[in-house]
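Have a look at the model and keep it open as you read.

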Amino acid sequence: RRGAAVERRRMAGRARAEPSFAPAAGSEGGFAVGLGRVQIQRPFAPWTKLGRRLQGSVDLRVEGKLGRLWRGTGELGMHAGRIAGVPMRTARVPFRWYFEPQRGIGHLGVRGASVQLVHGRVAVDMRLDWGQRLAIDATARAWAIDIRDLTGGLPAIQKRVTGLIDGQLTLAGRNVRSFDDLTGTFNASV
């Protein structure tokens, strides 16, 4: 049985939620939540340093089923923004997730995420598993990124640095408790 959809619009964007309820005990209920054109810096405003480093609007869609195993899919999108001073045109991050409340374990998987920068693009695949341990596997590939775009708008550096970069970054860790528990490689050509 579907619940009533709730929608709220404000100048900062819109939000929509639509629950569905299980008809019988032991069945799964579901939900769908969406945010549209929300200014990314607003949710991070309490953390002023982080909020100032984010600009642009985001869309978020999450759908799922709730039962013994909570699972679902979603997609995060960003339009014409900046993260840490790096300009981007669009970003698309599709994801799958699950969480098993009784055991306290979960998974977040990102496959085929893409970021189109003003000059160049980045593709990301990532797997994050948690429970008794935190495990991370991530790969990011970059093509034809203008090095000046990565300087975050520092004019003194932008005048001296030129070129395009292609590269790949991999990170992995099996029992991650801090950044020191990750291993990785970065290969690039200019």
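## The second largest pocket

Let's begin with a pocket that several strands share: β6, β7, β8 and β9 each put at least two residues into the lining of the second largest pocket. β7 is the top contributor there, with four residues. Strands here are DSSP runs of E with at least two residues, helices are runs of H or I with at least four, and both are numbered from the N terminus. A pocket is worked out on a 1 Å grid over the protein atoms alone: it's an open set of points with protein on both sides within 12 Å along at least five of seven lines, while a set where a 1.4 Å probe fits but cannot get out would be a cavity. Lining residues are those with an atom within 4 Å of a point.

This pocket has a volume of about 190 Å³, where volume is the space filled by probe spheres set on the points, with grid points joined across faces, edges and corners. It has 14 lining residues, and G109, V110, R111, M126 and R127 sit closest to its centre. Sorted by class, the lining has five nonpolar, four polar and five charged residues. Nonpolar covers Ala, Val, Leu, Ile, Met, Phe, Trp, Tyr, Cys and Pro; charged covers Asp, Glu, Lys and Arg; the others, Gly among them, go down as polar.

## What you're looking at

Keep in mind that this is a predicted model, so local features need pLDDT of at least 70 and side-chain atom pairs count only at pLDDT 80 or more, while totals for chains, interfaces and linings use all residues. Residues are numbered from 1 along each chain as its sequence is written, and side-chain values use heavy atoms, with hydrogens and water left out.

The chain has two helices and eleven strands, and from the N terminus the order goes β-β-β-α-β-β-β-β-β-β-α-β-β. Of its 190 residues, 29% count as buried, meaning under 20% relative accessible area; exposed is over 50%, and partly exposed is in between (1.4 Å probe, protein chains only). The chain exposes about 12700 Å², with 56% of that supplied by carbon and sulfur atoms; areas come from the Shrake-Rupley method with a 1.4 Å probe, and for residues only the protein chains shown count as cover. Take the contacts between residues at least 6 apart in sequence, and 37% of them join residues at least 24 apart; a contact means heavy atoms within 4.5 Å.

## The largest pocket

How much space lies in the largest pocket? About 560 Å³. It's lined by 22 residues, and V115, V122, V124, A140 and L169 are the closest to its centre. The elements giving two or more residues to this lining are β6 (86-100), β7 (105-117), β8 (121-130), β9 (135-146) and β10 (164-173).

The largest share comes from β10, with five residues. By class, the lining of the largest pocket has 18 nonpolar, two polar and two charged residues.

## How the strands pair

β8 and β9 run antiparallel and are joined by nine bridges; two strands pair if DSSP finds at least two bridges between them. They form a hairpin, with four residues between them. To spot the pairing in the model, find D129, which stands opposite A135 in β9.

β9 also runs antiparallel to β10, again with nine bridges. Here R141 stands opposite Q168 in β10.

## Residues worth a click

R111 belongs to strand β7 and is exposed, with a relative accessible area of 66%. Setting aside residues up to four places away in sequence, R111 touches P94, V124 and D125. The C-alpha atoms of R111 and V124 are 6.9 Å apart, although 13 residues separate the two along the chain. Beyond its neighbours within four places in sequence, S57 is in contact with R37, V38, Q39, I40, G77, M78 and H79.

Now for some backbone angles. Most residues other than glycine have a negative phi. A84, in the loop between β5 (70-83) and β6, has a positive phi, near 55°, and is partly exposed at 32% relative accessibility. A144 also has a positive phi, near 55°; this residue is in strand β9 and is partly exposed, at 35%.
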